[in-house]
Amino acid sequence: MRENSLIESWLRGIAIAVVILFFMFPIVWIILMSFQTNETILRIPPSVVFEPTLDNYRALITGKLETNAASLDIAFMRNLGNSVLLSVGAVALALILGVPAAYSFARHKTRFSEDIAFTLLSFRFAPPLLVLLPLTIYFQKLGLSDTYFGLIWVYQLICLPLILWIVRGYFEDISEDVEYAYRIGGHSWFSTFRKIAVPLAGPGIAAAGLLAFIFAWNNFIFALVLASADKQPVTVGALAFVTASGIQYGQIAAAIVLSITPTLLLALYAQKYLVEGLSLGAVKG
Amino acid sequence: MTGPRLTISNVDKIYGSGDAGVHAVEDLSMQVDAGEIVALLGSSGCGKTSTLRMVAGFEEVTAGAIAINGKPVHQLAPVRRNVAMAFEGYSLYPPLTVRDNIAFALKSARLPKTEINTRVAHIAQLLDIENILDRYPASISGGQQQRASLGRALIRDADLHLLDEPMGQLEPQLRAVLRGRIKHFIKERGLTAILVTHDQTEANALADRIAVMEAGLLQQFDTAAQLKNSPANLFTGTFIGEPPMNVFRAQVQLDGPKLALQLGDGVSLDYQCSDFNPQVLDRIQQSGELLLGVRPYAIKRGETGSAATVVANQWLGDQTHISTSFAGGTMVLVEHDRVRLNKGDQLFVTIAADDLHLFDAQTSVAIAHGREVAQ
Amino acid sequence: MSGLDLRGIVKRYKGDTVLDDVNISVQTGETLVLFGPSGAGKTVLLRMIAGVIDPDEGQIIVHGRDMQGVDPEDRGVGMAFQNFALYPHMTAYRNIASSIEVTEKSKQKLDDAVQGVARLLKIDQVLDHAPRALSNGQKQRTALARALVGSPSLLLLDDPLRNVDAKLRFEMRIELPALLARQGTTVVYVTQDYKEAMALADQIVVLNTGRIQQSGTPADVYLTPANTEIAQQFGDPAINLLDVTPQQDDHGVYVSLSDKKLYIDSAFGPWCNTPCVLGIRPETLRLSTVASAASIPASVEAVTPLNEKTVTLLRTAGGRELLVSRPAGTDEDLSGQVFIEVSNESVMLFDKRTGSRLDAHQQEAVA
């Protein structure tokens, strides 16, 4: 049995290594690319040996893109700022609206609550391209087109159903008795919601918020159509790297690295809460 | 057949590794003879379920050996150990009727149909589930599911029958009768059974011998009577027995032919030195202080003796539990008849020397019990 | 004065009536035990009193005040839950303090109250622990402290000892009456454990499928159960129930048990030739190794000790099963053929059809 388990653990180790290599390779490659010039990236055969350069990052941060044909301006940093503003705004709005709604759906079952919750989810069923055309027309008529407010409003539609459905599940998992106990202890329903329900569903709210943030961050099509150049997020802004004189692989790689950094940091930060949630869950019952 | 049916030798079970590892079972050795019913008794986390799962083969042993009929089995897959198990969570097959669940193992063993039917009918009658044999597990109550699960395990021919909390969910009014019937069935068929339970009533009722476990360690493995009369340490002493043993810290004072055990709050139990076995007397004299245990039913009420004040008098129909304030603590006594005493009433108690359980004040290991105390 | 009055309480869920015309009255300072199997409606009733569920019909009156439309936070009740329902993100101290922090503005008084109740329940050492760091017994005591700390005039305890081990349950059963009496609180206590019910109750209300089956003192319920179901629920080991048909001869009314005539109260005469159920408590039976005129021969099937009692399962010649329960040390060595002695004063008779207990003397009074 001991020998068996030794072989077993070796095999398991190898399998895990293969999986890690498979999933991590593109990311590692992109990071390596971001420190190379277009020439070294495109040489054949490819090699991991190169002289690292910070030119790509410098170009992105200063906004001056030097190609071998010409020098042009890019607004990458502004795009990044737009992405942050739009995503944070949308998630914040969706949380403010979604968390109380989720609580209400979880605790107050009425005849129509299930239908309403489903209707909200159905916003996500329609292909974005179908929604886009009428949305563009409405936005132009309402004057919302090409405003941050209008964009956040659309982005929030992506986040809300997600938050609503995930957080509702977490609220449902909280024992009603815990909330009853707090009410009987002399507290109003609102302070019960604030002091008991929200903290206990905290991990769920954090997870839903993170997921919603990622969805918002990675959205492309709404921003492409509804936003003009100065309000475009990184996803749309990245198109600028496809220039007349060729594709700027090095800068694209650097842009990718810069644009996944905020999401990554947020995920690492949220992880603390997610883990805490698991250990709180163990106390239940 | 010679030799024990089950031998567990120096078994350890550690979950996890390094400092984070949890030592669930520590150096456990015990033997179960063929035809014996043994209970593993302890509170949750004491290692009893890990032990059972190691015997069944669902958990690997970290160290040590397990043998059935002298053949090492701890490296075999569960299916090759020839053991039958009833699970705490029932684990009935949902798409099968209760009848098919019970007959499952017999059908796989390709027994003749008529024999299967007779055996299922017999076990169903025993467990009072005849009327639900054709229902599906999802449509019957927890208690009924537990009985079906018991039936599925007991019907099999196996070297060992492992029962994990077999009666926890049974309907209270059926429990006493079912305990009797199951014990009769196991004994009649000569089965060897190991049951895991946290309920000492169940262990006492069914088992020939009981293994008391706590914190992964086997505390004592003995008959119910021995556990009650001669607990190996204070843990077993206070764990076994309902209501639990009363325990007092006592100072030993020797005055000529008299021995006084001073309990505190001015209460002193007086005995003649001649009441005690000389070795025991030597031992307690040396220690000066000891822990003194008295079973609630062993305390005699009378006209004279030490005074105690009634705190609560609870009549349970067939027993009376009287809680008193005594020697600065609480003392509980039990009588089999209804006692009409009110809160605040005074009563007098005497405790005979041969009802004492003496434990070492530091190690809480037993020094002497009951009749060993007396000459 | 009446501490709690429930008048005509009805509750329905999706067409099922879970509580049907429940009327209960508890005197101030009294402990009422709601007893019944799971699904009987006990917990729903308790939650209605607390105000977290509304009744469909009926009135809830606490110390003379109608609770209709009063929010749970304004009812002045304390409640402890079966699953403890502690707030996992607060320390034991904050858990307990939460019950009085709204009304008690003085920090000092709040602290005194929390420390006081914690000392009483022996959890003053663990007040700064989070619930997950507490043992089961400590959790249970914290939950109880949280219910008691505000000295509520009405205390609702929902099977608070269900999830603690036998030893702790016993300790708490002994301690509780003193704790409750200290504050003069009116208590409604829900349990499925008949021993808890008998030990703690001034009055027991037996609920089953939403209806009150019997209400009375512990002695009433144990000695004169309203029906076979209650007779079975109270007592461990459970009462022996045997199908019989009373007959009459020159000596009086009798039932046949394995060809032996057991004479019962002649007032049971009107039920002769009616199918009945004979109830015999296991502790009223005696076993003997020698036959006597009235004793019933039986064989010992199994001896199963049960806390300080020896419970023997017997099978009579007629195939009936009987349990006998005697103080430990009496019947342990019995095996094979024995004889059961039945004392005819302690038997009960129930109507086989309805399950209701037949009361010989009530019938007499009517006649």
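This report covers the interface of chain B with chain C, and some features inside chain B, in a predicted model.

## Basis and confidence

Residues are numbered from 1 along each chain as its sequence is written, and chains are lettered from A in the order in which they are written. Local features need pLDDT of at least 70 and side-chain atom pairs count only at pLDDT 80 or more, while totals for chains and interfaces use all residues; side-chain values use heavy atoms, without hydrogens and water.

Chain B has a mean pLDDT of 90 (the predictor's confidence in each residue, from 0 to 100), and 99% of its residues reach 70 or more.

## Interface of chain B and chain C

Chain B contributes 29 residues to the contact and chain C 34 residues, where contact means heavy atoms within 4.5 Å. The two chains bury about 3,100 Å² between them, 61% of it on carbon and sulfur atoms. Buried area is the accessible area (1.4 Å probe) that two parts lose on being put together, summed over both.

There are 2 salt bridges between chain B and chain C, a salt bridge being a side-chain nitrogen of Lys or Arg within 4 Å of a carboxyl oxygen of Asp or Glu. One salt bridge joins R181(B) and E321(C), with N to O at 2.6 Å. On the chain B side, α5 (172–189), α6 (200–206), β16 (306–315) and β17 (320–326) each supply at least two residues. The most come from α5(B), with 8 residues.

## Packing of α3 and α5 in chain B

Helix α3 (residues 113–127) of chain B and α5(B) have axes that come within 9 Å and cross at roughly 145 degrees. Axes are lines fitted to C-alpha atoms over the stretch in contact, and angles run from 0 to 180 degrees between N-to-C directions. Residues making this contact include R119(B), H122(B) and I123(B) of α3(B), and L178(B), R181(B) and F185(B) of α5(B).

## Surroundings of D199(B)

D199(B) is in the loop between β8 (193–197) and α6 of chain B. Beyond its neighbours within four places in sequence, D199(B) is in contact with L41(B) and R179(B). D199(B) and L41(B) are 158 residues apart in sequence, yet their C-alpha atoms are 7.2 Å apart. A polar atom of the D199(B) side chain lies 3.0 Å from the backbone nitrogen of T201(B).

Notes: Helix = DSSP H or I, 4+ residues; strand = E, 2+ residues; numbered from the N terminus. Polar contact = N/O pair within 3.5 Å; in protein donor to acceptor, adjacent residues only side chain to side chain.
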